[in-house]
Amino acid sequence: MDIEPVIQRWNLGGSGGLQVPERSSLAGLSTSVLTKLLYCGRGYLIDTVERRLGSHVTKDLFGFADLFAISPNRRPVLIQTTTASNRASRRGKILASVEAEICLGFADVALVTWAERKDGRRVVWDAVEEIYSCSRNAS
């Protein structure tokens, strides 16, 4: 796949970032939960599409997607989410995936990676979102 992503940066829990109601700490949340919060805050309906095959084994939808997000008047989004330290390997998995390229015909593909940091006494999660889309390349 030779499409350049649109890259956006977000944070959850910090001043000026996306605020999470009814939770004083974001410590211990999974990247899937954080990504669901991010997309729900944008008005998406989002759910998990990866399957658990055992206590420590999961199978991603089409070999790359953990989550699926839909919203009126926007393209659906198939999302791979992980920690910042795994960004390069997950990006490689998406870019090498024939399935991801096929999915671009009807949906955007996003890689959302998270890094935890302290902001005073609060835990803040910073996200980098890479969005792959054929819709903006169409003429």
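Biologist: What makes you say that the charged end of Arg-42 sits over the ring of Tyr-39?

Modeller: In this predicted model, the charged end of Arg-42 is 4.7 Å from the centre of the Tyr-39 ring. The cut-off for that distance is 6 Å, and the charge must also be within 35 degrees of the ring normal. Arg-42 is listed as sitting over the ring, so the pair meets the rule.

Biologist: Which ring does Arg-74 lie over?

Modeller: Arg-74 lies over the face of Tyr-44, at 4.4 Å from the ring centre. That value is within the 6 Å cut-off.

Biologist: Why is the pair of Tyr-39 and Tyr-44 called edge-to-face?

Modeller: The count of aromatic pairs comes to one. In that pair, the ring centres of Tyr-39 and Tyr-44 are 5.2 Å apart, and the planes meet at 65°, so the pair is edge-to-face. The limits here are 6.5 Å for the centres and over 60 degrees for the planes. Both tyrosines are buried, too.

Biologist: Back to Arg-42. What makes its meeting with Glu-129 a salt bridge?

Modeller: The N to O distance between the side chains of Glu-129 and Arg-42 is 2.7 Å, and the rule asks for a nitrogen within 4 Å of a carboxyl oxygen. This pair links distant parts of the chain: Glu-129 is in strand S8 and Arg-42 in the loop between helix H1 and strand S2, 87 residues apart.

Biologist: Are those two partners buried or exposed, and how do you know?

Modeller: They fall into separate classes. Glu-129 has 0% relative accessibility, so it counts as buried, the limit being under 20%. Arg-42 comes out at 22% and therefore counts as partly exposed, a class that lies between 20% and 50%.

Biologist: How many salt bridges does a search of the whole structure find?

Modeller: The search finds four. Another one of them joins Arg-91 to Glu-130, with the closest N and O atoms 2.5 Å apart. Here Arg-91 in helix H2 is linked with Glu-130 in strand S8, and the two are 39 residues apart. Arg-91, at 28% relative accessibility, counts as partly exposed, while Glu-130 counts as buried at 3%.

Biologist: And what makes Lys-93 and Asp-60 a salt bridge?

Modeller: Their closest N and O atoms are 2.9 Å apart, which is within the 4 Å limit. Lys-93 lies in helix H2 and Asp-60 in the loop between strands S4 and S5, so the bridge ties together parts that are 33 residues apart in sequence. Lys-93 is partly exposed at 31%, and Asp-60 is buried at 11%.

Biologist: Now Ser-71. Why is this serine called buried?

Modeller: Its relative accessibility is 11%, and buried means under 20%. Ser-71 is found in the loop between strands S5 and S6. Its side chain makes a polar contact with the side chain of Arg-74 at 3.1 Å, against a limit of 3.5 Å. Leaving out residues up to four places away in sequence, Ser-71 touches Gly-43 and Tyr-44.

Biologist: Which residues have the most contacts inside the largest nonpolar core?

Modeller: That core has 17 residues, and those with the most contacts inside it include Tyr-39, Ala-69, Val-77 and Trp-114. The elements that give two or more residues are H1, S5, S6, S7 and S8, and S8 gives the largest share, four residues. A second, separate core of 11 residues includes Phe-64, Ile-94, Ala-100 and Leu-104. In soluble globular proteins, nonpolar side chains tend to be buried together.

Biologist: What share of the protein chain is buried?

Modeller: Buried residues make up 38% of the 139 residues. The chain has three helices and eight strands.

Methods. Residues are numbered from 1 along each chain as its sequence is written. This is a predicted model: local features need pLDDT of at least 70, side-chain atom pairs count only at pLDDT 80 or more; totals for chains, interfaces and linings use all residues. Side-chain values use heavy atoms; hydrogens and water are left out. Buried means under 20% relative accessible area, exposed over 50%, partly exposed in between (1.4 Å probe, protein chains only). A polar contact is a pair of N or O atoms within 3.5 Å; within protein, one must be able to donate a hydrogen and the other to accept it, and residues adjacent in sequence count only if both atoms are side-chain atoms. Contact means heavy atoms within 4.5 Å. Rings of Phe, Tyr and Trp (its six-membered ring) pair if their centres lie within 6.5 Å; planes under 30 degrees apart count as stacked, over 60 as edge-to-face and the rest as tilted. A nonpolar core is a set of buried Ala, Val, Leu, Ile, Met, Phe, Trp, Tyr and Cys residues joined through side-chain atoms within 4.5 Å.
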